[in-house]
Amino acid sequence: MSWSLEGAKPPVVVDTTLRDGSHAHRHQYTLEEARAIARALDEGGVYAIEVSHGDGLGGSSLQYGFSRVSEMELIRAVREEVRRAKVAALLLPGIGTRKELKEAVEAGIQMVRIATQCTEADISEQHFGMTKEMGLEAVGFLMMSHMRPPEFLAEQALLMESYGADVVYIVDSAGAMLPQDAYARVRALKDALSRAKVGFHAHNNLGLAIGNTLAALAAGADWVDGTLRGYGAGAGNAATEVLAAVLDRAGLNPGLQVFKLLEAAEFVLGPILHFQPYPDRDSIAIGYAGVYSTFLLHAKRIGKELGVDPMAILLELGRRQAVAGQEDWILRVALELKEREAGALAG
């Protein structure tokens with residue numbers, strides 16, 4: 001499949017350093033860090049800044065990892081800092097509830113991004129209803145979109161549009177897509193939806209986050225996501241500062257301040273990075289196997305504790321088609337692999 005950026009339009013750019021980046025930061029952002037990042041992003045011209053636990057509103061827990069500072073405090077701090085950018089939060093039905101959504105609205109969010117597995121858009125109806133009742137911008141996330149063909153995803157997107165979504169995203173949660181995959185899925189949504197815009201959220205496990213984002217724009221994507229330094233789950237996301245430079249070179253800059261974002265990545269986020277995400281052996285295995293990117297750090301931790309190769313854990317999770325919400329499978333798989341290895345040695 002060949003594609004070109006000719007005819008593409010400057011996209012709405014959302015930065016999710018303070019949400020997807022929370023995974024890489026082990027949910028330990030301080031108020032001072034959040035304020036500094038928000039100020040820099042606001043000055044850099046992004047349309048919206050997503051703030052919440054990495055797993056969305058209500059995600060701070062034993063299963064997903066406890067936040068250092070409550071997400072409501074982080075949201076309030078960010079809202080106080082920004083002058084132009086909107087403040088958004090992620091909500092996963094089953095993790096976040098009406099209670100957390102109401103608290104987030106009171107704290108200052110103006111947009112909710114409602115995320116479901118790409119096969120489960122039907123569980124989001126009441127959540128979109130709540131979002132519209134509260135007067136918020138409503139965005140739908142179809143997670144793990146590599147697992148289903150474009151036509152199926154278009155049907156799921158139509159459900160979200162019918163529930164009130166203003167935008168529906170193709171989300172490459174595993175960083176498993178090739179450019180032609182991103183193009184075909186975004187194009188299917190553009191052809192199917194009559195009112196809602198189409199977005200694309202990339203992960204970099206195969207080193208294709210920027211390339212896939214460009215393919216999505218060629219297919220007509222209206223919204224795209226990034227994080228400073230690509231700071232996010234797995235091998236990270238499309239780097240916002242790189243995306244800004246590429247869009248500017250391509251004549252598609254929606255008003256991003258390229259050098260301010262470069263400075264934000266280098267001098268604001270750089271000094272506080274826990275580590276720099278990149279496609280290493282285990283994160284490439286995630287993209288190769290099609291495993292949820294947030295599983296990476298859990299697999300590394302459990303693998304170290306049990307003496308099991310994290311890559312073996314990730315490949316087995318991919319074989320079983322594990323998705324978000326099944327983090328408990330990581331320990332189960334690791335124990336089974338350890339038992340299998342012990343049995344082989346005994347035999």
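Leaving aside its neighbours within four places in sequence, Trp329 is in contact with Leu317, Arg320 and Ala322, where contact means heavy atoms within 4.5 Å. Trp329 is found in helix α14 (residues 328-346); helices here are DSSP runs of H or I with at least four residues, strands are runs of E with at least two, and both are numbered from the N terminus. The C-alpha atoms of Trp329 and Ile313 are separated by 9.7 Å, with the two residues 16 apart along the chain.

A word on the ground rules before we go on. This is a predicted model, in which local features need pLDDT of at least 70 and side-chain atom pairs count only at pLDDT 80 or more, while totals for chains, interfaces and linings use all residues. Residues are numbered from 1 along each chain as its sequence is written, and side-chain values use heavy atoms, with hydrogens and water left out.

α12 and helix α13 (residues 310-319) pack at an angle of about 130°, and their axes are 8 Å apart. Axes are lines fitted to C-alpha atoms, for helices over the stretch in contact, and angles run from 0 to 180 degrees between N-to-C directions. α12 and α13 are therefore oblique to each other; angles under 35 degrees count as roughly parallel, over 145 as roughly antiparallel, 65 to 115 as roughly perpendicular and the rest as oblique. The crossing of α12 with α13 is right-handed, a label used if the near helix is turned clockwise from the far one by less than a right angle, with anticlockwise giving left-handed. On the α12 side the contact is made by Phe295, Leu296, Ala299, Lys300 and Gly303, and on the α13 side by Pro310, Ile313, Leu314 and Leu317.

How do α9 and α10 pack? Helix α9 (residues 240-249) and helix α10 (residues 258-269) have their axes 8 Å apart, at an angle of about 160°. These two, α9 and α10, are therefore roughly antiparallel to each other, and their crossing is left-handed. Thr240, Glu241, Ala244, Ala245 and Asp248 in α9 meet Val258, Leu261, Leu262 and Ala265 in α10.

The largest pocket holds about 410 Å³ and is lined by 24 residues, with His23, Arg26, Leu296, Leu297 and His298 nearest its centre. On a 1 Å grid over the protein atoms alone, a pocket is an open set of points with protein on both sides within 12 Å along at least five of seven lines, a cavity is a set where a 1.4 Å probe fits but cannot get out, and lining residues have an atom within 4 Å of a point. Points are joined across faces, edges and corners, and a volume is the space filled by probe spheres set on them. α12 gives the most to the lining of the largest pocket, with five residues.

There are two cavities of 30 Å³ or more. The largest cavity has a volume of about 150 Å³, and of its 18 lining residues Arg19, Asp20, Met143, His203 and Tyr292 are the closest to its centre. The second largest cavity has a volume of about 50 Å³; among the residues that line the second largest cavity are Leu18, Ser22, His27, Tyr29 and Glu71.
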